[in-house]
Every structure is written in structure tokens, then in C-alpha cells.
Amino acid sequence: MIYLDHAATTPLDKDVLKKMTPYLTTTYGNASSQHAFGREAANAVISARDGIAKIMGVPSNCLYFTSGGTEAGNTALKGVCAANRNKGKHIVLSAIEHPALLSAAEDMRAYGYELTLVKPDGQGVVSADSVNKAIRPDTVFAGVMSANNETGVIQPIKDIYSVCKERGVFFYCDCVQTAGVLPFAHFPADGVGFSAHKFYGPKGFGGLYMRPDCRFERLISGGKQERGLRGGTTYVAGAVGAAYALEKAVANAEENNKKVAALRDYFIKCVVTEIEGVSLNGDSYRRLSSNANLSFDGCDGEQILFALDLKGVAVSTGSACSAGAVTSSHVLTAMGLPESRVKSAVRFTFGKYNTQEEVDQTVVILKEAVARIRG
Ligand code: PLP
């Protein structure tokens, strides 16, 4: 099996599993309990929070643990909107956000909120100027992701944040695709979300940084966990695993990015040499080192995905299946690409355990699949 879908999720690093295991077996206390078991768990959570906050360059008491990137985005968007409803009811998002943000904003329509979607250019880049134009006096929340999950295109977040600050609008940056890959300092924001399973940590654990002086309401009511802003028993092993996974990812980021970029560039070179009618979607320079989003003339991306899957190669398309119907990638569509190119797109995302042999095998399998589909 060849796994080329690291933007969807990454395998748990074995060293991370080792760090987590005691908190799933022997040190199983509830971090809110007042006995020794609880204290041990609580101390592990404190260390994990301090470790992650230090890497993010934020105060520990502004970092809330969540179940992942979706909950982080929902909490920021819905929480800020709810706390600022007297100021206005307008939301600005890039048209290429993950559904974690897009669906959350759609939910807010029921409460009278309006949503403006900012389109990227043809290379998948959202400009600060277009965000500025979308902001209105009643805008209470703006969100643009650090890098897109389909194209890997890195967004000009520093410029966008400057605009939002100047206009007095809360700015959220979904850093799910860049956490552990690029420094958090490249993506300044009032709110930042991440998810551990994208950097070889556990699934079902993530975090949300919220600027200390920003007002937001909680999404999940319950116990007093997370300073009363997110109820629910803390996933101690998740916190420990996420902190160690992030520490390891950041320590090895330069080396891993170089390795992954070399594999990705080699893959693209082989594919465009061996297969005719291939185009790269999204800016070729402003992109994550792991991502190759390619369209194949005369093919259907889904057909390529299934053909590769049959041969043991896991990739992805940007299309989503809802209510039995397949909808095209909202990201590539927003970039203004022709429908034929959108429908024939396949996302290959490389990871630290991939090898050149795997790339060579994938190119052979892909060449055969494309030839058969073009028939
Ligand atoms: N945001 C982005 C950019 C993502 O790629 C993902 C997951 O694919 C999410 C949010 C959702 O994160 P999670 O799976 O932790 O809920």
C-alpha cells in the first residue's frame, strides 16, 4: 500500500504513541479529579499546554484544547459572532476555506448573519486587498486559512491580518495544514486553530488560541474544563501526544520539508514527462512542500482515484459526496478553473515515510490508469 494522502491525515508517529500509552493505560486519571491520579493527569495536561503554547508563541492561558480543527474553527466563528452580536452580523471568509469554517458560517445565517466569500486568484491566492474590500462596518469575523488543504497554496496572512487589524475585525487563521510544517509566526492572527492528526499526532485532538482580550462565547457547555470555555473530560493522552508530535514535527520541519519537497518535485517531473495533458493546479512556488494537485486532460479525477485505490495507492480528489451526489471541488471552482480541469483533478500529498520507490511505482500505476481511462 502506498499512502499519498497526508493532507487528509498522517499516521501516528511511533514515538508519539509511546508517550501517549501510559495515559491510556496506567496513568488514567481524570484531570479534573482531586486525588493523586487526577493530579498526575492534570500535570501532564499543564505540561502539554505549556509546550504547545511555547511553540505557538502564545500565553498558555489563551490556548484551549478541542477535538480538532473543526471544533476550533466552529468555536472561534460562532463564539466571536455570539459575543459581538450587538456590533454587527457580517462574516467574511475566503471562498476556499475548509467546511469547518464555511459550514459554521452557513449555520449563522439562521441567526441573521450575512456571509461574504472572498475569491482567490487563478493561482489560489487570496489577496489582502480583496479581504479589505469585503469588510463592512458591521463585519465581526474574518477568516482565511494559512494554506489550502486541496492545493497547498500558502496565503499572505501577515498582509491580511494587517488589514483586519486596521479595520477592527477579529481575524481567524485555520493553521491545520501548516502546524508543525511552517512556523506559527508566519501566520499571525487573533485566533488560530490546529489539529494533531495532521502532524503525526492523534486524531480527535486539536487546539484553539484566542487573543487574551477578545470576547467569545463557548460552544460546548459542561464542566469547568478549559477555563470554563469548553466542557468535557480532557483527553489527556491526546494532549500529551499532540504536544510531543508538535515538538518533534517542529524540530524536524526543515529536514522533513526538504525530503518531502524532493519527492513531490520528482513525482511531478516524472508525471509530466511520462503523461501528456497534465496541469498543476495552484501557484507552484507559494505551496506546501507536500502538495501536488494535478489535472489530467480527458479524465475524471474520481476514476483515477478508484483505479489507483485498486492498485493500493491512496490519493484524494477535492470533490465531496453529499446526499449521494458528487459535488466538484469548491476550491478549484473558486479559482476560476474550467470545469473539465476541476473534474479531472487529483491531490497527491506526500509525507515523511514515503520513499522514491513508492513514487516510481505510483507513476507507473498512474500512467496505466490514465491511458485506460482515456481509452
Ligand atoms: N481545516 C483544514 C484546513 C483541514 O484540512 C481540516 C481537515 O482536513 C480541518 C480544518 C478539520 O480538522 P479536524 O479533522 O481536526 O476536525
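The model is predicted, so please read each value below as computed from a prediction.

Let us begin with helix α2, which covers residues 36-56, and helix α7, which covers residues 236-251. Their axes lie 9 Å apart and the two helices pack at an angle of about 30 degrees. Angles under 35 degrees count as roughly parallel, and that makes α2 roughly parallel to α7. The crossing of α2 past α7 is left-handed. On the α2 side, the contact is made by A41, A44, V45, A48, I52 and I55. Facing them from α7 are V236, A239, V240, A242, A243, L246, E247 and V250. Sorted by class, the residues of this contact are 13 nonpolar and one charged, with no polar ones.

Next, look at helix α3 (residues 69-83) and helix α4 (residues 99-108). Here the axes are again placed 9 Å apart, and the packing angle is about 35 degrees. This pair has a right-handed crossing. From α3, the residues in contact are G69, T70, G73, N74, L77, K78 and C81, while α4 brings A100, L101, A104, A105, D107 and M108.

D174 has one lying 2.6 Å from a ligand nitrogen atom. For Q177, a side-chain N or O atom is 2.8 Å from an oxygen atom of the ligand. K198 places a polar side-chain atom 2.5 Å from a ligand oxygen atom.

Our last stop is helix α9, residues 301-310, with helix α12, residues 356-374. Their axes come within 10 Å and cross at roughly 130 degrees, which makes α9 oblique to α12. In passing α12, α9 makes a right-handed crossing. Q303, I304, A307 and L308 of α9 meet I365, L366, A369, V370 and I373 of α12. Eight residues of this contact are nonpolar and one is polar, with no charged residue.

Terms used
Residues numbered from 1 in each chain as written. Predicted model: local features only at pLDDT ≥ 70, side-chain atom pairs only at ≥ 80, totals over all residues. Heavy atoms only, no water. Axes fitted to C-alpha atoms, helices over the stretch in contact; angles between N-to-C directions. Helix = DSSP H or I, 4+ residues; strand = E, 2+ residues; numbered from the N terminus. Parallel < 35°, antiparallel > 145°, perpendicular 65-115°, else oblique. Left-handed = near helix turned anticlockwise from the far one by under 90°. Contact = heavy atoms within 4.5 Å. Nonpolar A, V, L, I, M, F, W, Y, C, P; charged D, E, K, R; others polar. Polar contact = N/O pair within 3.5 Å; in protein donor to acceptor, adjacent residues only side chain to side chain.
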